[in-house]
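Subject: Structure for you to look at

Hello,

Here is the structure I said I would pass on. My notes on what was found in it come after it.

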Amino acid sequence: MKVLRTIVCAAAAMISLAAVAQKPLVVAHRGYWKHGKGIKAETATISSQNSIRSLCKADSIHAWGSEFDIWMSKDGQVFINHDPTVNGVEIQKSLAKDVAGQKLPNGEYISTLDQYLQEFTKHPNIQVVLEVKPHADLIQESLCVMKALAMVKHYELENRVTYITFSPNAMCELLKYAPKGTEVYYLNGEMPPAKLKEIGAAGMDYHHSVFKAHPEWIKECHDLGLKTNAWTVNKKEDLQWCIDNGIDFITTNEPELLQRMLK
Ligand code: MG
């Protein structure tokens, strides 16, 4: 009887551990930038997407990772911004001096990648989720990838970085030049798990609607040793779907809501 009880307890512990292991990790999308209704994003103490403040805020709530987007100016400076333009200035077609003076809605100046990675070094517990944006000029895009790899190495963040991209060109460059073992995820949604495995990706980072259309891809990924990340999941019912279906990472504008749901 005692042996049976021991076996049952061990099995229960294993099931419990498995349940813990299945919890998705929380990635703050463009940092954590949302704030209460009625508060205007007008000072640097308030967060904006892709701001230093949004990274600090993501770390302050203990998100697993903080995601951000990079573009390279035509003279080779890498900036943090989601859209191709900031205040009407198109980053990839402009000189760094014309981009650097642009302010985000919270009053911060737009960050360079150098400044942003330096900030990550002050927040050792949060993972770096770096998205290379698709540039019109593929040579410029490849140079952007090389600069990002060099800068991540310079700040000794290679063990904390995950690269993501929609661009097949940037994907190839990252897989070719990133140190062995670096995780690179594809965002565009059309490649099935076997193809991603073949090219050496760490997994799929797809819009949650893609996983809903192809729920079998989640198990296929896991069977192949690949991970799954869903973006950008903000509604409670969509977050719950991702949790229930074993998504490994969830990228969200609502990191605190997701954290509450995971408790
Ligand atoms: Mg992004």
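Setting aside neighbours within four places in sequence, Lys57 makes contact with Tyr32, Lys34, His35 and Ser47. Please keep in mind throughout that this is a predicted model. Lys57 belongs to helix H2, which covers residues 52–60. Tyr32, one of the residues that Lys57 contacts, is 25 residues away from Lys57 along the chain, yet the C-alpha atoms of the two are separated by 5.6 Å.

Glu67 and Glu131 bring distant parts of the chain together, being 64 residues apart. Glu67 sits in strand S2 (residues 65–72), while Glu131 sits in strand S6 (residues 127–132).

The largest pocket holds about 310 Å³ of space. It is lined by 18 residues, and those closest to its centre are Ser48, Gln49, Asn81, Leu104 and Pro105. By class, the lining of the largest pocket is made up of nine polar, five nonpolar and four charged residues.

For the second largest pocket, the volume is about 170 Å³. Its lining includes Lys23, Pro24, Leu25 and Val26, then His62, Ala63 and Trp64, and also Glu256, Gln259, Arg260, Leu262 and Lys263. Which elements each supply at least two residues of this lining? They are strand S1 (25–28) and helix H11 (255–262). H11 gives the largest share, with four residues. The lining of the second largest pocket has six nonpolar, two polar and four charged residues.

Cavity

There is one cavity of 30 Å³ or more in the structure. The largest cavity contains about 60 Å³ of space. Val27, Trp64, Val129, Thr162, Ile164, Tyr185, Asp205, Asn229 and Phe249 line this cavity. Six of the lining residues are nonpolar, two are polar and one is charged. Trp64 is found in the lining of the largest cavity and also in that of the second largest pocket.

Helix pair

The last item is the pair H4 and H5. Helix H4 runs over residues 113–121 and helix H5 over residues 138–154; their axes come within 10 Å and cross at roughly 35°. The crossing of H4 and H5 is right-handed. On the H4 side, the residues in contact are Leu113, Asp114 and Leu117, and on the H5 side they are Ala148, Met151 and Val152. Counted by class, the contact of H4 with H5 has five nonpolar residues, one charged residue and no polar ones.

Regards

Methods:
Residues numbered from 1 in each chain as written. Predicted model: local features only at pLDDT ≥ 70, side-chain atom pairs only at ≥ 80, totals over all residues. Heavy atoms only, no water. Axes fitted to C-alpha atoms, helices over the stretch in contact; angles between N-to-C directions. Left-handed = near helix turned anticlockwise from the far one by under 90°. Contact = heavy atoms within 4.5 Å. Nonpolar A, V, L, I, M, F, W, Y, C, P; charged D, E, K, R; others polar. 1 Å grid on protein atoms, 1.4 Å probe; cavity = no way out; pocket = protein on both sides within 12 Å on 5 of 7 lines; lining within 4 Å. Points joined across faces, edges and corners; volume = space filled by probe spheres on them.
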